[in-house]
Amino acid sequence: MNKISQGKYELFTTKADAIDKFMQMQGFCREETSEEKPIKFYCQKNGEIIISNPPSRHIENDNSTDLYAQIVEQDGKTYVTYYTAFSKTTNVLKIIFLVIDLLMAVFAIIGIIISNVKTYYLPILAFCLIFLGVKLFTSTKEEKNSPEDSEILIKELEKRVEAVNLWDK
């Protein structure tokens, strides 16, 4: 993982109270990533926070930029320390699965050709190649968008920190 940015916000409450309030705010965010993928806010009982897109069955839908945070107490004050990171592993896995999809399509078309079934296999192959090209382009584009996605995730954390700080007002 490559760290993109990091920082710290002060909370004007105790660690336990902050965790309780953050856990009440868990769920989907109004904002989306630069590629219009949904993002979700998670807070665990130990104070770990993750802002990421929700898990899916298909790795192609996973976003490679995530925010990780921790609620900590230092010198009698409570803070949320965070960092955003880009996962090259997720991006490489996306490309591997796309290549596997393309190979399966090519083998299916070869099977159709060998079995002499009259069908439009050239347009299907062209469609598969175009699909792979578009997916490869978006996978490589995702790394370029990671600073923008990082800012979106940080702003989402900032909104929730403000909500905790203004909870009783």
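The secondary structure of the chain comprises three helices and six strands, where helices (H or I, at least four residues) and strands (E, at least two) are DSSP runs numbered from the N terminus. Read from the N terminus, the elements follow the order β-α-β-β-β-β-β-α-α. The model is a predicted one, in which local features need pLDDT of at least 70 and side-chain atom pairs count only at pLDDT 80 or more, while totals for chains, interfaces and linings use all residues. Residues are numbered from 1 along each chain as its sequence is written, and side-chain values use heavy atoms, with hydrogens and water left out.

The mean pLDDT of the chain (the predictor's confidence in each residue, from 0 to 100) is 81, and 83% of the residues reach 70 or more. Among the elements, α1 has the highest mean pLDDT, 93, whereas helix α2 (residues 88–114) has the lowest, 73. Where pLDDT is low, the predicted coordinates should not be read in detail.

The six strands form an open sheet with the order β1-β6-β5-β4-β3-β2 and antiparallel pairing, two strands being taken as paired if DSSP finds at least two bridges between them. Strands β1 (2–11) and β2 (27–32) stand at the edges with a single partner strand each, so one side of each is left without a neighbour in the sheet. From one strand to the next the twist averages 20°, with axes defined as lines fitted to C-alpha atoms, for helices over the stretch in contact, and angles running from 0 to 180 degrees between N-to-C directions. Helix α1 (residues 15–24) packs on the sheet, where it touches β1, β3, β4 (48–52), β5 (65–74) and β6 (77–86), and its direction makes about 150° with that of β5; contact here means heavy atoms within 4.5 Å.

β5 and β6 form a hairpin with two residues between them, and Asp75 in the turn has a positive phi of about 50°, although Asp75 is not a glycine. Most residues other than glycine have a negative phi, and most peptide bonds are trans. Asp75 is exposed, with a relative accessible area of 81%, whereas β6 is mostly covered, seven of its ten residues being buried; buried means under 20% relative accessible area, exposed over 50%, and partly exposed in between (1.4 Å probe, protein chains only).

In the hairpin of β3 and β4, with four residues between the strands, Gly47 takes a positive phi near 95°. The covered face of β3 is made of Ile39, Phe41 and Cys43, and its uncovered face of Pro38, Lys40 and Tyr42.

The largest nonpolar core holds 23 residues, of which Phe22, Ile49 and Leu157 touch the most other members; such a core is a set of buried Ala, Val, Leu, Ile, Met, Phe, Trp, Tyr and Cys residues joined through side-chain atoms within 4.5 Å. At least two residues of this core come from each of β1, α1, β3, β4, β5, β6 and α3 (121–165), and α3 provides the largest share, six residues. Residues up to four places away in sequence not being counted, Phe22 touches Leu11, Phe41, Cys43, Ile49, Ile71, Val80, Arg160, Val161 and Val164. A second, separate core of five residues includes Leu98, Ala105, Cys128 and Leu132.

Over the whole chain of 169 residues, 37% count as buried. Of the contacts with a separation of 6 or more, 64% are accounted for by residues 24 or more positions apart. The accessible surface, computed by the Shrake-Rupley method with a 1.4 Å probe, comes to about 10400 Å², and 59% of this surface belongs to carbon and sulfur atoms.
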